[in-house]
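This report describes selected features of one structure in plain terms. The sequence and model are shown first.

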Amino acid sequence: MTALQWNCRTLTSQQKETKDELIEKMRLNPVVSHLLVQRGVTNMEEAHAFFRPLLSQELHDPFLMKDMDKAVARLNQAIGNREQILIYGDYDVDGTSSVALVYRFLRNFYSALDYYIPDRYDDGYGISEKGIDYAYSLGTKLIIVLDCGIKSNDMVEYAREKGIDFIICDHHKPDDELPKAVAVLDPKREDDEYPYPHLSACGVGFKFMQAFARDNGMNEMQLLFPLLDLCALSIATDIVPMTGENRCLAFNGLRRLNDSPCPGIKAIIQQCGLDKKEITNSDIVFKIGPRINATGRMMCGKEAVDLLIAKDMETAKRVAEHIAEYNENRKELDKRVTEEAFQMVDNMNIEGQKSLLVYNPSWHKGVIGIVASRLTEHYYRPTVVLTTALGYASGSARSIQGFDVYSAINSCRDLVENFGGHTYAAGLTLREENIPELRRRFEQWVEEHITLKQQQQHLDIDMDVKFKEITPRLYRLLKPLAPFGPGNMKPMFVSRRIKDNGGSRLVGKNNEHIRLELVDPETGFTHNGIAFNQADKLKIVKSGKPFDVVYTVEENTYSNSNIQLLVKDIKASESNNIASVLSLLIKSKDDAAVIEGHITTI
């Protein structure tokens with residue numbers, strides 16, 4: 001992997017004025033004030049709203065979304081006529097939590113409901129003919145589809161021929177021609193002027209139910225607040241921007257999740273051993289979400305909905321036990337396929353390549369997206385991973401920071417049967433014989449459009465701080481900046497001219513990590529830290545010379561010190577390099593060529 005570039009952000013003169021004003025009028029810690037301004041806060045009112053985003057103030061009118069009036073009218077008609085309604089969603093966490101939210105809301109006052117989650121292997125991605133046939137067998141007249149459907153023009157037409165209407169609630173990029181559904185709710189529609197385009201699918205479902213409740217004179221927040229834990233679940237796992245309306249839903253959803261989660265999520269929390277701590281976004285992303293996702297990866301995502309709509313703990317625990325088994329199987333498969341994929345890439349000559357595409361028809365489709373993410377992170381290239389399902393090559397694409405992999409696949413759309421997704425993640429299906437041409441054209445498009453800056457992995461650093469500023473009190477002051485995610489990442493700091501305090505050493509099963517004991521020689525302040533998978537940096541730490549460290553501040557639950565540094569990168573301090581060059585210049589003062597060469601390096 002190439003060296004990380006450090007992108008150290010600075011404040012404009014206007015931002016500095018705002019920072020000073022917040023410090024003076026709100027008595028904010030200077031570090032916290034600096035971070036708030038970086039996140040777009042321009043005055044005290046916005047600062048208060050950032051710390052405590054209220055549903056009553058931060059949520060937009062749901063009827064601002066295109067087709068919302070049509071969707072509500074059709075749902076009113078279905079309920080008034082006692083029509084059978086099927087709620088249909090994708091098999092990932094966003095899809096299953098969306099289905100659970102709409103189902104749980106509507107079952108409060110309507111019983112002619114059912115739900116359907118497609119099987120990765122039997123149905124494939126999105127709306128399937130099998131799913132529509134199932135709906136028809138029930139006598140369904142209306143399907144509400146969530147987290148898919150925006151490109152299912154043919155399937156929507158197939159359903160229309162059977163007398164079934166569709167309301168589509170999606171958040172993926174649509175094609176030029178929308179499906180002929182009764183209503184298409186997607187804030188990414190080009191003709192949609194909804195103020196916030198980055199909702200998760202569960203967020204779109206939430207807005208639909210909010211509009212329905214408002215239209216029918218219901219107490220919308222009383223009915224919707226108990227469902228906010230599902231919104232928090234979807235926003236965290238789908239890695240949508242943690243800004244605006246998403247941040248408001250996630251903030252209040254985390255409160256609900258910590259105070260009174262639904263039985264299904266509570267059962268998973270207990271299973272993860274998180275029931276005695278405050279649940280954060282990271283806990284959802286790395287512990288809760290993967291378990292719920294395991295049902296859709298290994299079996300059918302319908303069990304995830306069974307879990308999330310469970311009314312009692314007995315039922316929830318029974319389903320959670322099944323999910324735990326699926327998750328263990330998923331981890332074993334994930335490990336094997338990842339190892340095979342890495343071996344495949346290592347045997348390829350990828351020097352000079354701007355992208356990766358690997359294919360193995362025997363790989364399990366359920367872990368392909370995880371493997372694509374791992375390859376992308378390690379080799380830092382846009383990556384496509386394919387396997388075989390339903391007679392086609394099918395898989396996932398993942399991207400690097402700043403590069404639009406969806407557009408890359410769109411440029412090859414004549415080679416694929418189906419595709420969809422976002423800027424950084426997409427899914428696709430194609431005929432096996434088209435794989436070589438896809439590999440060639442995908443690489444060509446990436447090479448023509450990727451920039452040098454995008455190819456260089458970098459860390460966005462919020463600010464320079466001294467060790468003496470990093471205290472347990474500062475950690476407590478940073479917590480209200482959460483929830484963290486894209487657009488509001490966990491604060492990243494750099495401290496310069498740090499030294500080893502004597503006890504830094506390699507740890508881990510294969511000595512791949514560094515347990516750090518660090519000191520700021522200027523002030524004598526010390527901190528402990530951990531640098532995962534950075535064993536090669538130990539020589540810098542043990543050189544006896546000053547170095548710079550980039551890190552986030554984390555709670556240390558294994559020590560009395562309260563906090564520790566999660567170190568992201570370590571580099572020799574710049575002055576070390578300059579000093580060594582100057583020393584060499586002095587020794588080589590009669591060698592004009594040497595002097596000229598080293599002056600260039602400075």
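In which loop is the place of glycine 366? Glycine 366 sits in the loop between β7 and α17 (368-379). The model is a predicted one, in which local features need pLDDT of at least 70 and side-chain atom pairs count only at pLDDT 80 or more, while totals for chains, interfaces and linings use all residues. Residues are numbered from 1 along each chain as its sequence is written, and side-chain values use heavy atoms, with hydrogens and water left out.

Helices (H or I, at least four residues) and strands (E, at least two) are DSSP runs, numbered from the N terminus. Relative accessible area sorts residues into buried (under 20%), exposed (over 50%) and partly exposed (in between), using a 1.4 Å probe and protein chains only. Glycine 366 counts as buried because its relative accessibility is 0%. Apart from neighbours within four places in sequence, glycine 366 is in contact with Arg120 and Arg297, contact meaning heavy atoms within 4.5 Å. Its C-alpha atom is separated by 36 Å from that of lysine 70, a residue 296 places away along the chain.

**The sheet**

β7 belongs to an open sheet of five strands, ordered β7-β8-β9-β11-β10 with mixed pairing. The edge strands, β7 (356-359) and β10 (416-421), each pair on one side only. Two strands are taken to pair if DSSP finds at least two bridges between them. On average, neighbouring strands of this sheet are turned by 20 degrees against each other, direction ignored. Within the sheet, β9 (residues 392-398) and β11 (residues 425-430) pair in the antiparallel sense over six bridges, and serine 396 stands opposite glycine 427 in β11.

Helix α19 (residues 435-449) lies across β7, β8 (383-389), β9 and β11, and runs at about 165 degrees to β7. For such angles, axes are lines fitted to C-alpha atoms, for helices over the stretch in contact, and values run from 0 to 180 degrees between N-to-C directions.

**Salt bridges**

The structure holds 37 salt bridges, each defined by a side-chain nitrogen of Lys or Arg within 4 Å of a carboxyl oxygen of Asp or Glu. The table lists some of them.

| Arginine 413 | Aspartate 175 | 3.0 Å |

Arginine 413 is partly exposed at 38% relative accessible area, and aspartate 175 is partly exposed at 22%.

The pair of arginine 441, in helix α19, and aspartate 414, in the loop between α18 and β10, links distant parts of the chain, 27 residues apart. Aspartate 414 is exposed, at 56% relative accessibility.

Glutamate 554 lies in strand β18 (residues 547-555) and lysine 490 in the loop between α21 (472-478) and β14 (493-500), so their bridge joins parts 64 residues apart in sequence. Glutamate 554 counts as buried at 17%, whereas lysine 490 is partly exposed at 27%. Elsewhere, salt bridges that share partners join Arg9, Arg39, Asp460 and Asp462 into one network.
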